[in-house]
Amino acid sequence: MSQPVPEQILDWLQHVAEQRRLRKVTPGLEHDVERLKLYQQQRFTRSYGDLLANPRYAAAARFFLEELYGPGDFTRRDAQFARVVPALARLFPSEVVATVAHLAELHAISERLDTEMARHLNGAPPQPARYAHAWQATRLPELRQQQIDLTMAVGQALDAYTRKPLLRQALRMMRGPAAAAGLGELQHFLETGFDTFKAMKGAQHFLSTVRQREENLASALFRCDPEALAGACPPGDDPLGQLP
């Protein structure tokens, strides 16, 4: 029998908290993870320069960059709704709670992968060959795919919400109760995501582009020889070219 969704969310947030504790007690690891996150944000900017320059997709690309891929500190947001997760099911519609669960799981997986990669960087600043080596050294291709799938699930949910105007009205009405319950950060994420995807007027191309590029990059990085660099990748793959 599966856990109730609020309990699942608490479990994922606990995994995130454990990663943070591990970094604090491991010399240099917290700094290395922060440096890795910044590098990955730069990679996203490089990979999606065309979307960031496109008036239709720029806001959604920035939303992904800042809320899902960036080096931002989400400790405050996590702490807010960890305290009041039992109230989520009462305050928000069930489909929104399910999206929060996907977000929490994505957050936990991303934090674990960042910790593992930073360990394999072993204090060295990220650069393409080192990054590719650390990527392979995690030996977690299934978790990488799950990370992409969850990113898509969050994006697809936000896109679906835009076709439900009553849901947007319900979110707007939740501002007061959410703030009173200490869920202001989460409320901001949901409203910003809704409005960003609504302005895009259809997210299919945006989401399929992100999925394709992320899956291609992940697959190529797992196949390439980071030591050889030139001529080490299968024909048509140039993952290191996407890295800053």
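Residues are numbered from 1 along each chain as its sequence is written. Because the model is predicted, local features need pLDDT of at least 70 and side-chain atom pairs count only at pLDDT 80 or more, while totals for chains, interfaces and linings use all residues, and side-chain values use heavy atoms, with hydrogens and water left out.

**Stop 1: α8**

Select α8 (128–137), bearing in mind that helices are DSSP runs of H or I with at least four residues, numbered from the N terminus. Here A129, Y131, A132, A134 and W135 are buried, a word that stands for under 20% relative accessible area with a 1.4 Å probe and protein chains only. These buried residues pack against α2, α7, α9 and α13, where contact means heavy atoms within 4.5 Å. At the N-terminal end, Q127 caps α8, with a side-chain oxygen 2.8 Å from the backbone nitrogen of A129. Past the helix comes R139, whose phi is positive, near 55°.

**Stop 2: I109**

Show its surroundings, and, once residues up to four places away in sequence are set aside, I109 touches L143, Q146, Q147 and L150. Between I109 and Q147 the C-alpha to C-alpha distance is 6.5 Å, although 38 residues separate them in sequence.

**Stop 3: the cavity**

Grid points are joined across faces, edges and corners, and a volume is the space filled by probe spheres set on the points. One cavity of 30 Å³ or more is counted, and the largest cavity holds about 400 Å³. Of its 25 lining residues, Q40, L68, Y69, S110 and Q147 are the closest to the centre. The largest share of the lining, seven residues, comes from α7, and α2 (29–47), α8, α9 and α13 (204–223) are among the helices that each supply at least two.

**Stop 4: T162**

Finish at T162, in the loop between α9 (141–161) and α10 (165–173), where 15% relative accessibility makes T162 count as buried. Its side chain reaches the backbone oxygen of D159 at 2.5 Å. Beyond neighbours within four places in sequence, T162 is in contact with F194, F197 and K198.

Technical notes. Buried < 20%, exposed > 50% of the residue type's maximum accessible area, 1.4 Å probe, protein only. Polar contact = N/O pair within 3.5 Å; in protein donor to acceptor, adjacent residues only side chain to side chain. 1 Å grid on protein atoms, 1.4 Å probe; cavity = no way out; pocket = protein on both sides within 12 Å on 5 of 7 lines; lining within 4 Å.
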